[in-house]
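Please study the structure shown below.

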Amino acid sequence: MGNHVFISYSRADETKVRKLYHDLIQRGVDCWLDVECIQSGADWDKELQQAIESCAHFIVVCTSNSMASQNVQAEWQYAFELKKRLHPIVLEPCEVPFRLRIYQHVDAVKLGYEQALHELAAVLPTTSATEAPVADIPEQPVSQKLNALLKRAVENWRAFGLLLDRQSFVHINQAREMLEPLDAATLELIFLSARHNGQPLDYWVVLLKQNKTALDRIEDALLDEIDYQFSYTRQQEFALLASDSLIAKVTQLIELTNDLAKIELLLDAVERVLLNLELEQIDSTGIENLLFTLFERTPNKTLARALGWIDSDKFLNRALEVLKGKPLSVIDTKDYGPYLYGLAYMRQPDAIAYLQTFTPEGFGFIPAGWFEMGTDTYVEEFVFAHDVFVPGFWLAKTLVTEQEYSLFSRTTTVNIEATGKLPTYPISWLNARRYTRWIADQLGLPVSLPTEAMWEKAASWQPAEGRKLRFPWGDEPDPSRCNSVESGRGSVSPVGMFSPQGDSPYGMQDMVGNVWEWTSSMFNGYPYHARDGREQSAGDRVLRGSSYYARRGFKNGCTTRIAFAESYAFHDAGFRVAIVIAQ
């Protein structure tokens, strides 16, 4: 009879059971767990039977899943018939069968996991009696054991698709200097396990880039996952793996599909790759192939966005030629719209200068580019800092006034001037949006509410220094520059009353204090991504900027966000309008 300890459990509890297995191993208990010990290609049922028959002790992991499992019941009943020493351990509240209750069991629910683990390990045999003390074990056997464990994990992954659980990965990651040179399959398993468990990838990416076979497989795996939504986490992975070969693969996929939605997602991936590459360091073939592929297709907004984003001189020259003498209203036309749309994504001075010529009186133009949205300081909510790309847009320098809104209700001529007037409030998001649609018809321009990202960039970004400001005027709180609770005014103030001392670097007034401002965005979590559905779906909408009445808003400055239902006319909510040709 062997001296190992068999662990019987439900596959639904695999993560917590793997933890138990590794914790017992660390205490010197020779445990047997099917997913760890059965070799690739072996007869699974035969191996299980032999392991039960040869074990010295038998652990039954008691959970609601395992107690309902016929396989687990068959295993412990067979061990009972063989008169094995059974050790039930209760990991969660569940109904334990009578036959198991006759054995002394360890209840981790009552004792806590660590105490239960201690009591269980105390009654199980260990290898310490026959092996040399731990301090005397040379480093080489430890290294061999780690590499053997990893080899077995690769076999399980190939046979059953099992990735390393979090604890196993952390264990291997901590001992990574002791591992033998890793082959492509092992690197692939470790990388996939790291991303599955939300662990840092940087170290393993360095090794991946030294192994072309492994890198090629991982690139293919990431591209296969692009579907419907390209999450911020996946974008970061593409950023880490940025390479000319990845651009080439995306280009090939674009060539093979006519699904514009899929192309949109593929181009999101390209954007992240390009962001993290020095273009001089790339084989220019990758970029040239991408440009050729995009230019060969019929112009549309999706492809124009990509061409604008990579600041293509060829696209810029063509766009300026096609749009020469055309008004901003051509955004909705098939022949001109894509070119104007693409220009909104460009950061080249000529593109910015061209778009600035369309700036109406009372508006400011905010050029395309990355900015830091959210903050890791001064926060009470989940508004962590992250980079967001915002296309160029125009934003009204002041809030919509009562006078302007009354003109909307009377359907008369619009007067953009609002100096010295009170903002219109309270107002619901639905009525604010109705007003923007009316203004759009009056001016013949794509007027809407700003997105949450647009609002925050206009309020907080200092383009001259390329950094985020805590308040529109700087990093220090100064109630004399705005109408907040701390200012002591106690009522709504006329728009522009605190200008220019309270203005943002882009010349926006009252971006903190006075009244809350509706945005077009749903109240989704961060990271922010304009194409993740938050600008299309219905739901609670974000308000920004705080108000004269809000006691919670001032200290967080430009990052404060709240939300209310679209139909609710919040008592101190107003809005300002934007001209948006691309989100």
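Does R217 count as buried, partly exposed or exposed? R217 counts as partly exposed, at 37% relative accessibility, where buried means under 20% relative accessible area, exposed over 50%, and partly exposed in between (1.4 Å probe, protein chains only). This is a predicted model, in which local features need pLDDT of at least 70, side-chain atom pairs count only at pLDDT 80 or more, and totals for chains, interfaces and linings use all residues. Residues are numbered from 1 along each chain as its sequence is written, and side-chain values use heavy atoms, with hydrogens and water left out.

The protein chain holds 24 helices and 17 strands; these are DSSP runs numbered from the N terminus (helices: H or I, at least four residues; strands: E, at least two). Of its 583 residues, 53% count as buried.

A salt bridge here is a side-chain nitrogen of Lys or Arg within 4 Å of a carboxyl oxygen of Asp or Glu, and the count comes to 18. R217 forms one with E188, at 3.6 Å from N to O. This pair links distant parts of the chain, with R217 in helix α13 (residues 212-225) and E188 in helix α11 (residues 184-196), 29 residues apart. E188 counts as buried, at 11% relative accessibility.

R576 and E517 also meet in a salt bridge, at 2.7 Å from N to O. R576 lies in the loop between β16 (573-574) and β17 (578-579), and E517 in strand β13 (residues 516-522), 59 residues apart. Both R576 and E517 are buried.

Salt bridges that share partners join R11, E14, R18, D34, E36 and D165 into one network.
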